[in-house]
Amino acid sequence: MRPFSSRRHVLYLVATFTVIQLLLIPLLGFTPFPDCNGYIALAQQSTEASGPYPVAGQMGELAFLWNIGAVNMTQLSLWLFGSVTPLLILYALMKGATAWMFYLVANRLAGAKMALVALVIYLLYPANYGEATSLLSELPFMFFSMAALYAVMRNHPLMAGILLAAGNWFRPMALVFVVVLMVFYFVRQERRWRRIASLVGGYVLMICVIGGINYARTGRFFYQAATGWMALMQYSWDHDSDTAPDRAFFVDGDPNVIPAERQYDVLQKDSVWRSHFGIWLSHNVDEYLAQMPEKLARTYVSDNTTLCAFLPEKNEQMYQELSMETLWTAFPRLSAVQWLAVVNLLFYYLLLVGAVIGLVRCVKSKRLDVAVLCGGVILVGTAVLLFFGHGETRFHIPFMPFIILLTAWAFHRKAQKNPE
């Protein structure tokens with residue numbers, strides 16, 4: 001009899017997981033996160049303007065350039081089918097494929113037994129269900145990122161770079177993976193410079209293709225969303241303990257305001273926010289650093305975002321129903337979904353602890369390649385969010401597969417030491 005960890009049995013598990021993702025779409029219905037509604041609105045506007053987002057005529061009207069791939073895919077689904085449901089089905093299939101590639105990557109790193117442990121944890125984790133009922137950009141980003149990691153494991157760094165740039169089209173976080181993979185290749189030492197060059201070359205090549213197409217359409221070269229400086233400026237200003245001394249530096253006393261008479265296009269607006277943030281930072285370095293602990297807490301305090309899909313009533317306030325404050329205040333008189341959120345939180349906190357243990361075990365066992373890949377994505381990604389982003393629980397979702405992989409490593413090594 002074949003061992004349970006054979007590819008055939010793993011495929012059964014992943015297929016079941018994928019079928020559940022598909023069934024949840026009609027059972028739970030569409031989850032209207034604010035970002036999803038924004039993508040739909042922009043997609044409809046672009047279609048009316050007879051072009052993919054953003055069309056040339058929108059460049060001077062848009063306040064910021066959102067996740068281009070997410071909007072374009074929404075627009076394509078609406079144009080072809082008049083509905084986003086086909087896109088949700090595609091995202092459900094992507095979620096299943098991500099789980100399969102997650103297993104394959106873990107298998108390449110540490111063998112079938114540890115990969116099976118990681119996959120089981122991934123499949124049991126409640127927050128991995130319901131994500132495909134929305135249009136959020138994390139799911140397609142993780143699909144392309146995991147595909148890139150599998151390409152790395154198969155020694156195809158050029159393809160990995162191309163896939164990361166494609167994921168970056170959905171969510172501008174791929175540079176974290178590029179940097180970590182460069183260190184990963186360096187640690188592994190085998191033909192490292194050639195592979196690093198291929199990885200970076202593939203990434204730059206795909207960026208040039210995406211940017212070139214956009215330049216031909218709009219006259220401006222861009223390849224990813226441009227929301228970071230605006231969001232960072234808003235967060236820094238809103239959480240500044242004393243903005244009064246800095247108001248004189250900005251038009252209308254507010255760095256988040258760009259006068260309409262200044263006819264900037266959307267990319268120029270992003271440059272203005274970057275300039276404004278630089279001015280604010282030059283006078284508030286201590287404030288900037290003091291805000292980081294709260295950003296870190298906001299990023300990792302919970303992992304309940306995707307569970308909003310299970311709420312019976314979905315509206316603009318659905319985040320609040322599963323927030324830590326609401327759960328704490330209402331406990332123990334919680335709804336079924338709120339109890340699911342509590343279970344998920346306990347699972348999540350165990351994963352965080354397990355990831356720390358797993359990272360230590362990787363270092364002690366001199367598996368620096370695993371430590372660099374998993375720990376690097378988490379730590380470098382977190383640093384990027386602290387220095388260039390703002391705190392939001394959704395933002396750590398791309399790090400969860402690596403947290404799970406490190407947790408599996410901790411359990412697997414423990415099981416080896418104590419086989420009884």
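This is a walk through a predicted model, one selection at a time.

**Stop 1: the salt bridges**

Start with charged side chains; a search of the whole structure turns up nine salt bridges. Pick Glu131 and Lys95 to begin: these two form one of them, with the closest N and O atoms 2.7 Å apart. Glu131 sits in the loop between helix H5 (112-124) and helix H6 (138-153) while Lys95 belongs to helix H4 (residues 85-110), so the pair ties together parts that are 36 residues apart in sequence. Are the two ends buried or exposed? Glu131 has 9% relative accessibility and so counts as buried. Lys95, at 6%, counts as buried too.

**Stop 2: Glu138 and its arginines**

Now select Glu138 in helix H6, together with Arg394, which is in the loop between helix H17 (368-388) and helix H18 (400-417); this pair links parts of the chain 256 residues apart. Their salt bridge has its closest N and O atoms at 2.9 Å. Both Glu138 and Arg394 are buried. Which residues belong to the network around this pair? Salt bridges with shared partners join Asp35, Glu138, Arg171, Glu392 and Arg394 into one network.

Arg171, like Glu138, is buried.

**Stop 3**

Jump to Glu287, in helix H12 (residues 285-290). Glu287 is buried but has no salt bridge; Lys295, the nearest side chain of opposite charge, is 10 Å away. What does Glu287 touch instead, beyond its neighbours within four places in sequence? Show His239, Asp240, Ser241 and Trp280, which are in contact with Glu287.

**Stop 4: H10 against H11**

Display helix H10 (residues 228-238) and helix H11 (residues 266-283): their axes come within 8 Å and cross at roughly 35 degrees. The crossing is left-handed.

**Stop 5**

Go to Arg217 in helix H9 (residues 192-218). Its relative accessibility is 26%, so Arg217 counts as partly exposed. Not counting residues up to four places away in sequence, Arg217 touches Pro52, Tyr53, Pro54, Val55, Ala56 and Phe222. Zoom in on the peptide bond from Tyr53 to Pro54: it is cis, with omega near -15 degrees. Pro54 is in the loop between helix H2 (34-48) and helix H3 (68-81).

**Stop 6**

Ser50 is not a glycine, yet has a positive phi of about 65 degrees. Ser50 is exposed, at 69% relative accessible area.

Lys366 lies in the loop between H16 and H17, and is exposed with a relative accessible area of 71%.

Finish at Phe331 and Pro332, where the peptide bond is cis with omega near 5 degrees. Pro332 lies in the loop between helix H15 (324-330) and helix H16 (336-364).

Methods
Residues numbered from 1 in each chain as written. Predicted model: local features only at pLDDT ≥ 70, side-chain atom pairs only at ≥ 80, totals over all residues. Heavy atoms only, no water. Helix = DSSP H or I, 4+ residues; strand = E, 2+ residues; numbered from the N terminus. Buried < 20%, exposed > 50% of the residue type's maximum accessible area, 1.4 Å probe, protein only. Lys, Arg positive; Asp, Glu negative; His and termini not counted. Salt bridge = Lys/Arg side-chain N within 4 Å of Asp/Glu carboxyl O. Contact = heavy atoms within 4.5 Å. Axes fitted to C-alpha atoms, helices over the stretch in contact; angles between N-to-C directions. Left-handed = near helix turned anticlockwise from the far one by under 90°.
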